[in-house]
Amino acid sequence: MRFPRPWRLLIAPAALLALAPGALASAFGGPTELPSPERGLNLLVVGVDSRAGVTAEEKERFRLGGKGCDCTDVIMLVHVSAGNDRVSVVSLPRDSLAELPGPHTDRRTGKVHDSHLAKVNAAHAEGGSALAVETVEALTGLDVHRYLEIDFRRFMDTVDRIDDGVPVCTAKPLKDSATGLDLAAGTTLLGGGEGLQYVRSRKADGEMDFGRMRKQQKFLVNTLDRIRSGGILKDPARLRALASTLRGTAAAERGISTSELLTLATRLKTLGPSRTELATVPVRGFDTVEGVGSTVGWDEEGAAEVFARLRADRPLPPGDAVAPSELSVADYEPARGSSLICP
């Protein structure tokens, strides 16, 4: 059995403020202590499967029933170049095989665990933000400087603060009985609940989690573009409300603050979508691991090249520089943010 070596490590909602004018930062006050690493800033953004605060009506309307696992079903590693002239986003499949570092205390049971194999999304459920950060650092060999997690409630509320919602475009109809997603071909504006259905959908296009990660990346890019083109950036009160909703109040390991989000906005105020690149980590196929289940195995050489580029503060390697994976739906191919914007 092969599994990823433990190299040391919008949604993408933290990026929702990344293109806000820096002049508005003073409207929020507070210290701005966002670090400026010599080889770029790494932000870990996760979407947590938690239904806290979601109403019974919303659960029924948006197919959010069931019990949350408190695991990270969205995992995006965002690298901001030291020159603030490029943003690279790499999605990590939630079922990636990982070694959870030990010893650590299981926050659900109080039991102390040694290091053990698990799906990467189990790290948060088992050890919270601290173990999630440490696990991703071990997988990628990158230092995580800041962290942001968003649950269902915060996702919906953040999107609902954007004028008219977020555009999503599809060449063919998308239907998913599990999430209730039902999109006609063309471009549709989605509010928070509908947007959550879209980014959670894994049965609409036959591409399962890999298609879902591409939807998440497209939603992130179009959310950024909507904020840039809308009036919210001209209204400090509305922008304050968006920032507060996005950040929330929960404590987290290396959690990014609202002030730091605004500092990041200042640094990236002139960065456009053509200077963003998005990809999924190269994979080689599926493994069934005893005690863990069906997992995604990374292509070790390809993944090593991707994260070596980020450690060196360089752009992601092109698709033809990484050998094709065994999964045709997950062939490694970075996309420019500008190519994902809906007409």
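Predicted model: local features only at pLDDT ≥ 70, side-chain atom pairs only at ≥ 80, totals over all residues.
## Helices H3 and H4

Helix H3 spans residues 152-160, and helix H4 spans residues 192-200. Their axes come within 8 Å and cross at roughly 125°. That angle makes H3 oblique to H4. The crossing of the two helices is right-handed.

Which residues of H3 and H4 meet? From H3 come Phe152, Phe155, Met156, Val159 and Asp160. From H4 come Gly192, Gly193, Gly195, Leu196, Val199 and Arg200. The residues of this contact divide into 6 nonpolar, 3 polar and 2 charged.

## Disulfides in the chain

How many disulfides does a search of the whole structure find? It finds 2. Counting bonded cysteines along the chain, the pattern is 1-2, 3-4.

Cys71 has a relative accessible area of 8%, under the 20% cut-off, so Cys71 is buried.

## Cys169 and Cys342

Another disulfide joins Cys169 to Cys342, with 2.2 Å from S to S. This pair links distant parts of the chain, 173 residues apart. Cys169 lies in strand S10 (residues 166-170). Cys342 lies in the segment after strand S17 (335-336).

The torsion about the S-S bond of Cys169 and Cys342 is about -85°, so this disulfide is left-handed. Cys169 counts as buried at 16% relative accessibility. Cys342 counts as buried at 10%.

Notes. Residues numbered from 1 in each chain as written. Heavy atoms only, no water. Axes fitted to C-alpha atoms, helices over the stretch in contact; angles between N-to-C directions. Helix = DSSP H or I, 4+ residues; strand = E, 2+ residues; numbered from the N terminus. Parallel < 35°, antiparallel > 145°, perpendicular 65-115°, else oblique. Left-handed = near helix turned anticlockwise from the far one by under 90°. Contact = heavy atoms within 4.5 Å. Nonpolar A, V, L, I, M, F, W, Y, C, P; charged D, E, K, R; others polar. Disulfide = S-S within 2.5 Å. Buried < 20%, exposed > 50% of the residue type's maximum accessible area, 1.4 Å probe, protein only.
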